[in-house]
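Please examine the sequence and the structure shown here before reading the briefing.

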Amino acid sequence: KKILCFETIGSTNDHAKKIAKESEEGTIILSEEQTKGRGRMGKVWHSIKGDGIWLSIILKPDIPPYHAPIITQIAGLSVVIALNELGVKSSIKWPNDILINNKKICGILTEMSIEIDRIDHIVVGIGMNVKTLDFPNDIENMATSILKEGYSLNRLDILSRILEKFEEFYTDYVSNNDIEKIANMCKTYSAIIGKDIYVIKGDKRRKARGIDINKNGNLIVEYEDGSSEELVSGEVSIR
Ligand code: BTN
């Protein structure tokens with residue numbers, strides 16, 4: 001598989017999307033720095049030179065578009081298991097944040113391109129703070145890095161393990177289509193099952209409790225009035 005490495009780039013996701021059509025599945029874009037790193041919901045993703053792992057993977061799975069969220073979960077699972085094997089206790093805040101001590105260490109941005117009603121390609125972007133010590137004021141309380149949490153790990157060791165896990169889970173998923181297996185693993189590593197959380201919708205947040213990640217990989221929450229909801233995608237925070 002091809003790994004394209006850059007010293008600097010706007011965004012590895014943008015580059016991946018640009019070359020996706022003529023690239024082989026599994027092509028990886030890596031950069032030491034991103035000048036226009038993007039997070040979910042139009043947010044900026046700070047990607048200082050040498051501070052983290054900023055990468056994108058080009059995928060071409062033959063799955064229906066509505067199964068695409070599972071790709072994000074496969075990425076999250078790969079990160080969490082890689083970190084845990086390296087002795088860093090981490091968990092998944094459904095659907096796509098990785099936490100250490102309830103602070104965000106890694107985010108995932110999955111973008112897909114659909115043609116008619118089939119997936120042409122999916123780009124999975126993974127951003128992990130490894131050596132970052134200073135975060136901008138607005139995210140200082142929520143964000144952390146491997147180093148800030150007291151671990152000194154080599155970026156290459158983390159990266160190679162993430163890619164190894166991702167290949168294992170992704171290959172298994174496209175050959176067996178076993179979403180439930182991934183969902184169950186995500187549940188094992190979940191930061192929010194059995195916890196008090198907020199479900200965030202637009203500028204409203206509602207008190208809830210994380211109940212389950214079901215066989216489709218969706219999050220079941222229960223509100224204070226006893227009603228429950230199955231979330232296919234969305235945003236939650238820990239109370
Ligand atoms: C989030 O939590 O909001 C998602 C963050 C995703 C960041 C990664 S870094 C590599 C890739 N390129 C980008 O521009 N974004 C993703």
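This is a predicted model: local features need pLDDT of at least 70, side-chain atom pairs count only at pLDDT 80 or more; totals for chains, interfaces and linings use all residues.

Residues are numbered from 1 along each chain as its sequence is written, and side-chain values use heavy atoms, with hydrogens and water left out.

**Overall fold**

- The chain contains four helices and 12 strands; these are DSSP runs numbered from the N terminus, with helices being H or I of at least four residues and strands being E of at least two.
- Because a compact globule of 239 residues would have a radius of gyration near 18 Å, the chain's 17 Å agrees with that expectation. This radius is taken over C-alpha atoms, and the globule rule is 2.2 Å times the number of residues to the power 0.38.
- Along the principal axes, the C-alpha atoms of the chain fill a box of roughly 50 × 45 × 35 Å.

**The shell around the ligand**

- The ligand is surrounded by 19 residues, of which Ser-11, Gln-34, Arg-38, Arg-40 and Lys-104 are the closest; a residue is near the ligand if one of its heavy atoms lies within 4 Å of it.
- At least two residues of this shell come from each of α1 (12-19), β3 (52-59), β6 (103-115) and β7 (118-129).
- The element that gives the most to the shell is β6, with four residues.
- By type, the shell comprises five nonpolar, 10 polar and four charged residues. Here Ala, Val, Leu, Ile, Met, Phe, Trp, Tyr, Cys and Pro count as nonpolar, Asp, Glu, Lys and Arg as charged, and the others, Gly among them, as polar.

**Atom pairs and burial of the ligand**

- A nitrogen atom of the ligand lies 2.7 Å from a backbone N or O atom of Arg-38.
- An oxygen atom of the ligand lies 2.6 Å from a backbone N or O atom of Arg-40.
- In Lys-104, a side-chain N or O atom is 2.5 Å from an oxygen atom of the ligand.
- The ligand taken alone exposes 420 Å², and the protein buries 97% of that; accessible areas come from the Shrake-Rupley method with a 1.4 Å probe.

**Backbone details**

- The peptide bond from Trp-94 to Pro-95 is cis, with omega near 0°. Pro-95 is placed in the loop between β4 (91-93) and β5 (97-100).
- Asn-102, a residue other than glycine, has a positive phi near 65°. Asn-102 belongs to the loop between β5 and β6.

Terms used:
A polar contact is a pair of N or O atoms within 3.5 Å; within protein, one must be able to donate a hydrogen and the other to accept it, and residues adjacent in sequence count only if both atoms are side-chain atoms.
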